[in-house]
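Colleague: I am seeing this one for the first time. Could you walk me through it, one question at a time?

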Amino acid sequence: MSFQKVRNACVLGTCLAAIAVASPAMADEAADGAGAPMEGGAIVVTGTRATYNNSALSEELIADQPPIASALDLVDTLPGVQVQEGDAFGFDDWSTAVSIRGFQTNLDQQQVGITIDGMPNGGSNYGGGSKANRFIDTMNIRTVEVSQGTADIGSLSNEALGGTLNFVTSDPLDDMRVRLSGSVGDFEASRYYARFDTGLFLNDTAKAWFSYSHQEATDWIGGSAQNHRDNFAAKFIIDTPVKFTGYVSYDDAHEDNYDQVYSAAQYEYYPKTDGLTTDWTGVPYQDQAYRRAWSTLRKNFFAYLKADTTIGNVLDLHASAYYHDMAGRGDWVPQYVVDVIADGAGNPESELTGNSTVDGGSPLGTIYFVDANGVAMTPIEGCEGNLTYPYGGTTNPAYAPACYAPGAIGAQSYRHTHYRKDRKGGTLDAAWNADLGGLENTLRGGIWYEDTNREEWRNWHNVIDTTVGPEYASLPYWTQYSRKYPQDTFKWFVQDTVKAGPVTAHVGAKQFINHIERVDLFGETDNVRIKSKSDILLSGGIQVEPMYGLNLFAGYAENFKSLTDSVLEYNNADFTSIDPETAENWEAGIRYQNGWFNGSATWFKAKFSNQVIFVPNSTSAGNDYLGEGDGKFFNAGGIDSEGFELLANFRPARGLNLYGAYTYIDATYRGTGNADLDAEQGVTPGNRVAGIAKHMWVLSGSYNYGPVTLGVTGKYTGDRFVNADNSWTAANYFLTDLNISVKGEALSDSLKALDFALTVNNLTDENYLGGISGGYAWIGAPRTMVFTATADF
């Protein structure tokens with residue numbers, strides 16, 4: 001373990017940074033202790049009483065992850081949820097995979113809804129989306145609420161076919177406080193964090209906090225990545241007859257990616273490396289795999305303002321407005337320069353001079369090697385290449401330096417795909433509460449509108465001297481394409497809830513209407529506009545509380561995911577053949593809660609139709625760097641899934657908390673209905689869905705004795721198929737996380753303001769395949785240790 005930066009530990013902070021809640025009322029009570037352990041209070045993870053299953057993170061489960069971990073890692077312990085990230089600290093969006101009950105968000109699919117304090121994240125795809133870790137620092141999380149299935153009818157997501165993850169930020173404290181935190185760990189990991197809570201002011205009606213964090217680490221394979229992230233955030237509450245809540249976050253991240261494993265044989269022979277290289281070799285074909293040039297850069301600014309009030313104890317009104325701006329870039333280093341200027345045979349290639357940019361157009365060819373004057377060279381006739389890596393190597397003489405005359409210089413590009421997205425939107429939500437002759441009736445309705453504009457363009461830069469390193473000319477020699485994708489989203493919903501004694505029932509309806517356009521700024525393709533409109537989607541449910549603490553529930557909901565602008569990235573695509581994805585969700589279950597036990601059991605079933613499949617341009621034969629999108633789309637029929645979830649949380653003795661969860665999912669492909677298309681796409685009806693484990697279970701225990709807390713969590717993930725034809729199996733694995741925290745007062749009176757924590761993830765150093773997407777997989781991170789200290793003033 002390498003702790004080069006232990007000298008910073010004296011200004012550090014605890015990883016016990018969030019409070020678990022089980023209901024909105026409990027959330028409000030816990031808010032004043034945001035970031036601190038709850039003393040003797042009930043920790044409930046079964047969620048709110050509703051007609052659908054839901055759960056929320058407990059303090060103990062959050063403590064299992066260090067503050068430097070990704071916010072997404074926190075929810076992996078909850079039933080029905082599966083999270084894999086290629087990096088030990090969530091520094092690689094490219095390899096991130098999240099699934100709930102068979103619905104997946106990864107490189108090729110986005111089917112799980114994500115919200116921040118109930119506000120929409122704007123999609124989770126790699127190109128234009130932003131997952132929760134782009135909006136929120138882990139130490140500012142109070143809890144994460146997971147709706148595994150039908151979810152709330154007012155949930156603000158365009159892609160929640162099944163479950164929804166709502167990341168809840170902690171509220172400001174009533175008392176002034178300064179918190180300083182720092183972490184050091186394996187893979188040159190370091191992090192520091194500061195937060196200031198103002199306490200109550202303005203006649204005790206207002207309070208706020210401000211925070212800043214910086215973290216960095218390298219990759220766990222070769223130690224060459226230069227990952228770093230800065231996050232600024234603030235939140236305020238003004239509690240008057242109209243309650244105002246505001247949040248703002250700015251996040252700046254640089255990630256160097258991991259590559260996929262392309263076959264079972266590759267993983268068997270090389271279980272500890274993804275094939276990307278640490279050192280620059282000067283050979284373009286090999287340097288296309290240079291890790292530090294496989295990068296994801298993202299800057300996200302996000303802000304919202306909410307207003308809540310009640311009129312006459314019968315009318316609840318809620319309104320919100322939000323804004324989000326994302327600017328990003330994805331980098332690759334293709335092993336050639338694209339010939340886009342007709343310079344004539346024997347003349348220097350203009351693309352290498354860095355003096356001008358060609359906008360649009362088609363490639364004239366490719367340039368592999370040039371002489372000292374910049375004139376393109378051809379391989380020696382009859383020469384055979386002998387490069388052994390990457391992607392199994394190549395015998396193509398065009399890539400081999402030995403197949404050219406002496407003095408040949410490799411030509412290589414540094415390719416930037418730029419992503420820009422800005423969103424602004426708002427919501428209105430009203431609920432009328434009435435007593436109708438002994439029946440408690442609540443009529444609720446609301447609307448959501450969002451205006452989005454996404455831009456994408458791709459620049460090709462010449463690598464100045466391939467014999468030295470990847471430095472590239474600032475002026476691109478070619479802008480391959482430049483497009484805008486305006487989009488608007490409108491949703492309405494209405495729901496009526498009736499309560500009679502122990503029985504509560506509701507019925508509701510909602511509808512999404514989306515318009516998406518493609519505007520080609522070079523005028524090379526037709527501008528296109530498509531409408532993605534759902535049917536009126538119905539939902540309903542019932543819950544019964546026959547005795548205190550016992551809750552029986554059942555629910556049904558129809559969900560919809562609009563077509564995204566990703567399908568418009570392909571010039572000649574027939575958009576009429578691609579239908580929006582839809583899903584029908586059923587669930588029924590039981591919850592029970594008393595002073596020392598919380599538990600739930602839920603049966604669920606889902607019918608997922610019109611699945612839009614994305615096939616990446618990355619293949620086992622190498623990468624298609626000239627492809628304008630990152631892959632292709634088609635409808636692959638659908639998926640049927642059924643299963644059950646069990647959850648139990650015990651507090652058998654003071655200071656001792658035991659938690660367990662089990663999930664069974666039987667998710668299979670229905671096929672497209674066209675046997676030829678099924679065969680072409682490798683989809684076999686009845687096959688298990690790629691990436692989904694049939695069995696998952698979690699056991700977790702924590703014990704608090706005076707100033708010392710010990711926590712251990714283990715999660716089993718069953719066998720998963722990597723590809724749709726089920727020919728490649730990712731073997732089951734069991735990961736163990738250990739967390740030990742000590743209050744400084746136990747060590748010395750001079751340290752009483754400090755808390756210390758040591759977290760070890762993957763304690764047994766298990767080898768396993770993690771994220772799965774597009775028929776390929778990423779290797780999971782090895783054992784990782786992080787030490788954290790916290791000071792509160």
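Colleague: What is the relative accessible area of Asp-174?
Modeller: A word on the source: this is a predicted model, in which local features need pLDDT of at least 70 and side-chain atom pairs count only at pLDDT 80 or more, while totals for chains, interfaces and linings use all residues. Residues are numbered from 1 along each chain as its sequence is written, and side-chain values use heavy atoms, with hydrogens and water left out. Buried means under 20% relative accessible area, exposed over 50% and partly exposed in between, with a 1.4 Å probe and protein chains only. Asp-174 is partly exposed because its value is 28%.

Colleague: Which residue forms a salt bridge with Asp-174?
Modeller: A salt bridge is a side-chain nitrogen of Lys or Arg within 4 Å of a carboxyl oxygen of Asp or Glu. Here the closest N and O atoms are 2.9 Å apart, and the partner of Asp-174 is Lys-207.

Colleague: How many residues apart in the chain are Lys-207 and Asp-174?
Modeller: Helices (H or I, at least four residues) and strands (E, at least two) are DSSP runs, numbered from the N terminus. Lys-207 sits in strand β11 (residues 206-217), and Asp-174 in the loop between β8 (164-169) and β9 (177-185).

Colleague: Is Arg-454 buried or exposed?
Modeller: Arg-454 meets Asp-565 in a salt bridge of 3.0 Å, N to O. This pair links strand β22 to the loop between β27 (550-561) and β28 (581-593), 111 residues apart. Asp-565 has 6% relative accessibility, so it counts as buried. With a relative accessibility of 1%, Arg-454 is also buried.

Colleague: Which residue does the side chain of Glu-456 join in a polar contact?
Modeller: Glu-456 lies in strand β22 (residues 439-462), and is buried because its relative accessible area is 2%. A polar contact is a pair of N or O atoms within 3.5 Å; within protein, one must be able to donate a hydrogen and the other to accept it, and residues adjacent in sequence count only if both atoms are side-chain atoms. At 2.6 Å, the side chain of Glu-456 joins that of Tyr-481.

Colleague: Which residue in β7 is the bridge partner of Asn-54?
Modeller: An open sheet of five strands, with mixed pairing, runs in the order β1-β7-β8-β5-β6. Its edge strands, β1 (54-56) and β6 (119-120), each pair on one side only. Two strands pair if DSSP finds at least two bridges between them, and β1 pairs with β7 (residues 141-147) in the antiparallel sense over three bridges. In β7, Asn-54 has as its bridge partner Ser-147.

Colleague: What is the angle between the planes of Tyr-733 and Tyr-768?
Modeller: Rings of Phe, Tyr and Trp (its six-membered ring) pair if their centres lie within 6.5 Å; planes under 30 degrees apart count as stacked, over 60 as edge-to-face and the rest as tilted. Among the 37 aromatic pairs in the whole structure, the rings of Trp-596 and Phe-597 have centres 6.0 Å apart and planes at 50 degrees, so they are tilted. Tyr-733 and Tyr-768 are stacked, with 4.4 Å from centre to centre and an angle of 25 degrees.

Colleague: How many residues apart in sequence are the parts tied together by Tyr-733 and Tyr-768?
Modeller: Tyr-733 is buried at 3%, and Tyr-768 is buried at 10%. Because Tyr-733 lies in strand β40 (residues 733-743) and Tyr-768 in the loop between β41 (754-761) and β42 (769-773), the parts tied together are apart by 35 residues.
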